[in-house]
Structure formats: structure tokens, C-alpha cells
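Subject: Structure handover: salt bridges

Hello,

Here is the structure I promised you. Please open it and keep it beside this email as you read.

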Amino acid sequence: MSSPERTIWIDGRLAPWDEATLHVLAHSVARGSLVFDYMSVHETPGGPAVFRVDDHVSRFLTSVELVGLPLERTAAELREACLASVRANPGAKVVKLQAYLASIEVDVIPVDTHVTVAAAAYDPWRDVLQRKAIPPARPPATLRIWIEKERHQRRPDILHPHAKVAANYTSPMAAKWAARRQGYDEVLLTDDEGNLAEGPTTNVFLVDRDGVLRTPPEQSVLLGITRRSILEIARTDGFRVVDEVSVPAAALAESSEAFLTGTTAGVWPIASVDGHELPAAPGPISEALGKRFSEITGGRDPAFAHWLTHVGG
Ligand code: PMP
């Protein structure tokens, strides 16, 4: 079903939603070469604002570089594309920024190297999910997690976890489907040594029995903007935090509380791990951080006002 009132910024032009299509033989479809980033939009007392847009654009440019796309756009242009798409689409809750090779190609290296940029501002529930023939159930308030037991060919030397590129989501998709088939809500992926890494679209935090907040180190995860925000908020608020040391997968089930973070997830409490119930969901630290995070994203904490960019217009 269509979403006719939306437009998508594509190479500087606002295209109607239904016309923002890609050929079935396009390079980015065939080779998984589409790089993207995904940021949230919030209604604040000062109007709609994008959360940490410059950090998202900077992560996007890192992904572009890791994948080797010959993108000819500056950070300032990409930022403006995001803000323009939000201005043109009132009520949007997210902006998805994408760079892709739209041309039909034969080899892995394209002949036509033009990298198209698209910025789509929309409401995922209203504009996409609710329009499905059978809309999905609303997500649960707390999560039943399954830790993957067998890695699905995830190789940091082939595709770096810091690259937000379509191809990096194929292996997590297989793992998440395996978790869903067993009745779990979400999967957590492990790294080369069997330590905790991240969810398919989230980072993970746990609070150990000593009350220390822990999250897997940078080298094995996507550098989540929410992860970074939670670490900064936790340190500002005086929590004890460890983010440089690996977290064994078994530590999650032994934690006193745990949660996922992400642009869509926010701070999302974990209820159980491989069927083992955690003592509290949300636990007190998860609850406090979740509350702080929504105050900040909602523009109600002047100390973090610099994380929000009002779109104006
Ligand atoms: N890990 C992966 C693999 C992701 O795709 C995401 C979603 N962007 C995250 C973590 C969380 O990142 P963020 O907080 O920036 O949404």
C-alpha cells in the first residue's frame, strides 16, 4: 500500500514516496552495497528536532569509507538533506539516510560509479507497518532474549562491524529468524571468541551483581549513537561503567538487570535470557537511564540541548 503524502529527498529532489524505486538489477540490490544510517526525530518544546544528526552523519561517512563507495557529498550537504526531508514531512519520527549504487551492473565493481543519496523522513509505524495487509503486533515492553549458539559466518575482517551496510544485516537476519522460530523476541550475537557483541539493530548493556554497568567493547559492535549517549549520561550521573573489556555471553543471564539500546529501541529492558528470568525488568538502573534518555531526546534537559538539532522552516 502506498504512502502518498510522503516525499523522499533523492539527490537534491523531493520525490513522491511511490516513485522512490530502484531497479531489481541495481548494484546495491545485487551486492548489498547500500550504506545507511537511521536517526530519530522528536517533538520538543522548540519544534521537531533530529537527535545527534552530526554524529549520525559522521558514522554514515565512516560506513561509506569502509565500504569504499565513491560518494561525493560533504557532511554539511548530508546533514541538510536530513533536515530538509524532516521539514518536508511533518510528523516524521525517523530519518533514514542512504547511499547506494542505483545503476544496473555486471561486475562487483560498477562501471557507473554515481552514488545516489536518499534521505527519507517518515513514521515507521504509521507509514509502513500499519499499512501492511496484516500489521505486526506492537513490540513487547520487555524482551525474551536468545543468545546465538553458533555464529553465522560473521567475519570482522571481511565486513567491519562499524560499517552500517546492507550486507552486514544478512547474518543477523538468519540469527534473528532462528531465535523467533524458538519463540524468543530477539537475538544477541556473539563475537569471534563467543563474547557478547550486539543485537541485529541494537547494542546491549548489563548491570553486574556489583552494580557496574557494562557493555561490549567498541571493536565488536556498531558504534551505536544510543550506546554512546547512555555511556555519557551514565558517567555524568555517577554510575560505574565498563566499556573496554569483553563481556562473556554467560554474564548476561547472571546480571541483575540488562537492556538493549538503539534508535528504535531506546532503552529496552531484557526480561529473560535463554529462558532464564532476570531479577528485574526494568531494573532500577535501566529505569533511571531510560527516563533520563527520554527527557534528553524530548528536549527537557538543557544540559544536553546540543544533542538536538531543530529543523526550523
Ligand atoms: N548495532 C547495530 C548492528 C545496529 O544496526 C544498530 C542500529 N543503528 C545499533 C547497534 C544501535 O545503534 P543506534 O543507537 O545508533 O541506533
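Below are some notes on its salt bridges.

First, the ground rules. This is a predicted model, where local features need pLDDT of at least 70, side-chain atom pairs count only at pLDDT 80 or more, and totals for chains, interfaces and linings use all residues. Residues are numbered from 1 along each chain as its sequence is written, and side-chain values use heavy atoms, with hydrogens and water left out.

Now the count. A salt bridge here is a side-chain nitrogen of Lys or Arg within 4 Å of a carboxyl oxygen of Asp or Glu. By that rule, the structure has 21 salt bridges.

Start with Asp123 and Lys93. They form a salt bridge, and their closest N and O atoms are 4.0 Å apart. Asp123 sits in the loop between strand S6 (115-122) and helix H4 (124-128), while Lys93 sits in the loop between helix H3 (75-87) and strand S5 (94-101), so the pair ties together parts that are 30 residues apart in sequence. Helices (H or I, at least four residues) and strands (E, at least two) are DSSP runs, numbered from the N terminus.

Lys93 counts as partly exposed, at 46%. The cut-offs are these: buried is under 20% relative accessible area, exposed is over 50%, and partly exposed is in between (1.4 Å probe, protein chains only).

Next, look at Arg126, which lies in helix H4. Its side chain meets that of Asp127 in a salt bridge, at 3.3 Å from N to O. Arg126 is partly exposed at 38% relative accessibility, whereas Asp127 is buried at 3%. One more distance to check: Arg126 and Ala92 are 34 residues apart in sequence, and their C-alpha atoms are 9.5 Å apart in space.

Last, find Arg292 and Asp301. Their salt bridge has its closest N and O atoms 2.6 Å apart. Arg292 is buried, with a relative accessible area of 18%. Asp301 is buried too, at 13%.

Best wishes
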